[in-house]
Amino acid sequence: MTLTAQPKASHFIDGAYVEDTAGAEIEVIFPATGAVIARLHEATPAIVEAAIASAERAQKDWAAMRPVERARILSRAVQIIRERNEELSQLETLDTGKPINETRYADATSGADCLEYFAGLAPTVTGETIPLGRDMVYTIREPLGVCVGIGAWNYPTQIACWKSAPALAMGNAMVFKPSETTPLCTLKLAEIYIEAGLPPGLFNVVQGRGAVGASLVTDPRVAKVSLTGSVATGRKVYAAAAEGIRAVTMELGGKSPLIVFDDASVEDAVGAAMLGNFYSTGQICSNGTRVFVQKGIKAKFLERLKARTEAIVIGDPRAEATQMGPLVSRMQAEKVAHYLQVARDEGATLVTGGSMKDGLYVEPTVFADVTDAMTIAREEIFGPVMSVLDFETEDEVLARANGSEEGLAAGVFTADLARAHRMVAGLQAGTTWINAYNLTPVEAPFGGVKRSGVGRENAKAAIEHYSQVKSVYLGLGPVDAPY
Ligand code: NDP
């Protein structure tokens with residue numbers, strides 16, 4: 001894998017790479033070595049203007065096409081992504097530091113699944129006819145227009161696909177701003193769309209930090225904003241979108257519970273807890289970072305968890321054997337180091353891990369005897385730090401699991417399926433799992449409740465968030481006016 005990933009230019013607008021060196025520089029760093037793999041420039045106001053103007057121009061013709069024609073183009077993009085999976089996975093690994101044996105299976109491939117799903121769905125979307133005796137109403141599901149997508153750094157390709165696939169399928173255009181930390185893969189997606197036959201302007205990429213995102217969100221030509229990011233950023237973007245009464249989808253952070261009852265399979269529950277805390281070096285929004293374990297199973301659970309965690313292979317994400325790479329950035333490493341110290345200071349029991357390693361690496365860490373009041377049980381860490389909390393009864397754990405301001409996800413492990421369904425019915429979360437964790441197939445709606453977000457991505461639910469209903473009243477007789 002080469003250690004340079006310099007794209008032709010920073011931005012992709014109207015079907016071509018565009019540069020404006022007047023924008024502040026962005027250094028793209030391979031987290032495993034600290035090497036600078038690309039230098040980009042932030043979008044200037046002229047770049048943002050070009051991106052929105054070309055999207056606005058292109059969207060009208062795109063919306064006028066038959067859905068089946070739009071679907072055909074998206075399906076070609078699916079094929080290209082699958083053919084280039086290795087190249088895209090290597091770039092994602094350089095951009096994010098995630099192991100090649102994750103990116104090969106979880107990133108571009110899940111983006112291709114998403115495009116495939118929405119390509120299939122697009123031609124099936126119809127309105128309804130509503131009989132009113134003599135008259136009638138029919139409805140048309142119309143695109144919104146120009147949509148803005150803003151991404152987090154943990155799943156750059158997947159996030160860009162989860163937003164652009166339903167947007168494009170429904171006849172919208174999208175201007176996308178990736179995270180400044182991982183800006184490279186989205187440019188490849190833009191190239192692939194053009195190669196697949198997408199008309200220029202329908203998927204434009206502009207680079208930049210928060211201020212560039214903010215300028216997109218407040219542009220009067222923008223109809224909708226979809227953000228994946230932290231709750232703090234979500235609050236700002238939601239408020240800015242509200243100024244123009246723009247539609248939003250907010251995919252924000254969480255502090256999700258994973259509840260393990262005494263009767264659960266220990267190996268399955270341990271495996272799920274590890275997946276839900278250590279995959280992508282713990283940098284996943286829906287992670288089950290509060291693992292509630294019923295007292296009867298605690299000793300066995302911790303014993304197996306410790307043994308299996310200590311067997312995780314940490315190392316260079318380019319190596320085939322590596323199961324856990326570095327954190328994405330120095331800032332994120334400092335944040336995780338801070339929480340490791342706070343957990344110790346507040347009296348959590350360190351089961352395994354607990355230390356930063358060279359560079360941006362951190363040991364996968366488990367703390368036991370964590371209480372609800374401890375900082376690591378309340379704040380999103382976004383690193384491989386699992387908190388294990390004890391519980392005794394179903395009612396108790398349900399109340400404690402819901403005692404978070406966030407509500408992105410939740411999981412239950414038990415052999416008692418009646419209890420499992422009772423639990424998920426009571427859990428305040430947008431996405432839940434029974435005897436599984438962190439699986440997010442495109443067929444299932446994904447999103448949060450409470451402060452974790454607004455709207456849903458994926459599945460049929462996403463169609464509603466990238467279209468609007470027009471009612472058409474059809475008068476079929478004389479107008480009955482009282483004047
Ligand atoms: P941030 O909230 O820091 O940033 C998200 C995006 O918003 C970035 O592209 C950022 O730009 C941009 N941004 C920042 N400020 C503004 C602003 N005022 N207006 C418009 N855009 C702005 O999140 P991270 O990138 O640090 O990602 C981690 C967070 O994302 C975690 O909280 C995680 O839980 C959440 N997340 C949620 C997911 C979900 O689906 N629910 C999935 C994945 C992550 P820049 O970074 O360039 O400054």
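## Pockets and cavities

A pocket is an open set of grid points with protein on both sides within 12 Å along at least five of seven lines, whereas a cavity is a set of points where a 1.4 Å probe fits but cannot get out. The structure described here is a predicted model.

## The second largest pocket

The second largest pocket has a volume of about 320 Å³. Its lining is made up of 14 residues, and those nearest the centre are M274, L275, Y279, I312 and Q323. Of the elements, α10 contributes the most, with four residues.

Sorted by class, the lining of the second largest pocket holds eight nonpolar, four polar and two charged residues.

## The ligand and its shell

The ligand is surrounded by 29 residues, and the closest are G151, S230, T233, L252 and E380. By class, this shell has twelve nonpolar, eleven polar and six charged residues.

An N or O atom in the side chain of T233 is 2.6 Å from a ligand oxygen, and a polar side-chain atom of S230 lies 2.7 Å from a ligand oxygen. At G229 the backbone is involved: one of its N or O atoms lies 3.3 Å from an oxygen atom of the ligand. On its own the ligand has 900 Å² of accessible area, of which the protein covers 86%. Two or more residues of the shell come from each of α8 (210–217), β10 (222–228) and α9 (231–243).

## The largest cavity

Four cavities of 30 Å³ or more are present in the structure. The largest cavity has a volume of about 70 Å³. It is lined by 16 residues, with P257, A401, E406, G407 and Q428 the closest to its centre.

Two strands, β17 (406–407) and β18 (409–413), each supply at least two residues of the lining of the largest cavity. The classes in this lining are seven nonpolar, five polar and four charged residues.

## The second largest cavity

The second largest cavity holds about 60 Å³ of space. Its lining consists of G254, K255, S256, G282, I284, C285, N287, T289, E380, I381 and F382. Four of these lining residues are nonpolar, five are polar and two are charged.

Terms used: Residues are numbered from 1 along each chain as its sequence is written. This is a predicted model: local features need pLDDT of at least 70, side-chain atom pairs count only at pLDDT 80 or more; totals for chains, interfaces and linings use all residues. Side-chain values use heavy atoms; hydrogens and water are left out. A residue is near a molecule or strand if one of its heavy atoms lies within 4 Å of it. A polar contact is a pair of N or O atoms within 3.5 Å; within protein, one must be able to donate a hydrogen and the other to accept it, and residues adjacent in sequence count only if both atoms are side-chain atoms. Accessible areas come from the Shrake-Rupley method with a 1.4 Å probe; for residues, only the protein chains shown count as cover. Ala, Val, Leu, Ile, Met, Phe, Trp, Tyr, Cys and Pro count as nonpolar, Asp, Glu, Lys and Arg as charged, and the others, Gly among them, as polar. On a 1 Å grid over the protein atoms alone, a cavity is a set of points where a 1.4 Å probe fits but cannot get out, and a pocket is an open set with protein on both sides within 12 Å along at least five of seven lines; lining residues have an atom within 4 Å of a point. Grid points are joined across faces, edges and corners, and a volume is the space filled by probe spheres set on the points.
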